[in-house]
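I opened my notebook to look up a few places in this structure. Here is the model I worked from.

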Amino acid sequence: MRAVEAMHRLYQWPENVRLMDGGTQGLYLVQHVREADILIVFDAVDYGLPPGTIKLVEGDEVPKFLGAKKISLHQTGFQEVLATAELLGGATQHLYLIGVQPVELDDFGGSLRDEMKARIGPAIQHAIDFLARFGISGYRRDVPLPETETLACEHMVMSRYEAQRPSAEDACRFGDPRVLMAERVHAGTADRQPPQTPGVG
C-alpha cells in the first residue's frame with residue numbers, strides 16, 4: 001500500500017496505467033485483474049528471508065507466494081482472485097510480484113518498520129524497470145503530490161496513521177483481551193476479574 005501510494009505521489013503515469021490500493025477487497029478486484037494486460041503487485045510476503053529482503057517473482061510462480069498468511073479467516077487470498085480471473089477468461093498476460101520480507105506481521109495496527117520504509121524506493125524502481133520492458137514510462141513530478149492526495153482514504157495517510165495510533169496500553173498490539181473474553185462482553189460484567197487463560201473458542 002505504501003509503495004503504490006508513493007508511486008502515485010512521485011510519478012505521473014499515462015492513462016492506460018492504473019494505480020490501486022487493493023487492500024483487502026478480495027474478489028472485488030477480479031474485474032480489475034481481468035482488465036489488466038500487465039499486473040504488478042506490491043506486497044509484504046513472508047518468504048522466511050532476512051527482514052527487508054526484496055524478492056521478485058514473475059509469471060506462473062507468483063500465486064505460490066501471495067497470501068501465505070491471511071489477516072482474517074474471511075479474507076480472500078490474492079491467489080483466489082487470480083484463479084477466479086483465469087476461470088472467467090481474463091488471466092493477466094504479464095504478472096509481477098515485488099515482495100518484501102516484513103520485519104513483523106503480528107503487530108496489529110502497526111505502521112512500517114524503518115527497514116520496510118527504506119525498501120519503498122527500490123520497490124518502485126523495480127516496478128518502473130518492469131514497465132519499461134513494455135515501453136511504458138512514467139514522469140517524475142517536479143513537486144510530489146501532497147500526502148492527502150491518497151489512493152485510499154485520508155485515515156490511512158501514513159503520518160496521520162502513525163500520529164493517531166493509540167498507545168499499547170489503550171490498544172493491545174496482539175489481540176485485545178477485552179474483545180477475546182466473550183463471557184465478559186455477554187454478561188456485561190466489566191468489573192469481573194478476567195480468567196487466567198482466556199480462550200477464543
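This is a predicted model: local features need pLDDT of at least 70, side-chain atom pairs count only at pLDDT 80 or more; totals for chains, interfaces and linings use all residues.

What volume does the second largest pocket have? I found about 260 Å³. Residues are numbered from 1 along each chain as its sequence is written, and side-chain values use heavy atoms, leaving out hydrogens and water.

**Entry 1, the pocket.** A pocket here is an open set of points on a 1 Å grid over the protein atoms alone, where a 1.4 Å probe fits, with protein on both sides within 12 Å along at least five of seven lines; lining residues have an atom within 4 Å of a point. I counted 15 lining residues, and Gly59, Asp60, Glu86, Thr92 and Leu95 lie nearest the centre. Helix H4 (78–87) and strand S4 (94–100) each give two or more residues, with H4 giving the most, five. Helices (H or I, at least four residues) and strands (E, at least two) are DSSP runs, numbered from the N terminus.

I found Arg141 in the loop between strand S5 (139–140) and helix H7 (158–163). Arg141 is buried but has no salt bridge (a side-chain nitrogen of Lys or Arg within 4 Å of a carboxyl oxygen of Asp or Glu). Glu149, the nearest side chain of opposite charge, is 7.9 Å away. Buried means under 20% relative accessible area, with a 1.4 Å probe and protein chains only. A polar atom of the Arg141 side chain lies 3.1 Å from the backbone oxygen of His8.

Notes. Grid points are joined across faces, edges and corners, and a volume is the space filled by probe spheres set on the points. Buried means under 20% relative accessible area, exposed over 50%, partly exposed in between (1.4 Å probe, protein chains only). Lys and Arg count as positive and Asp and Glu as negative; His and the chain ends are not counted. A polar contact is a pair of N or O atoms within 3.5 Å; within protein, one must be able to donate a hydrogen and the other to accept it, and residues adjacent in sequence count only if both atoms are side-chain atoms.
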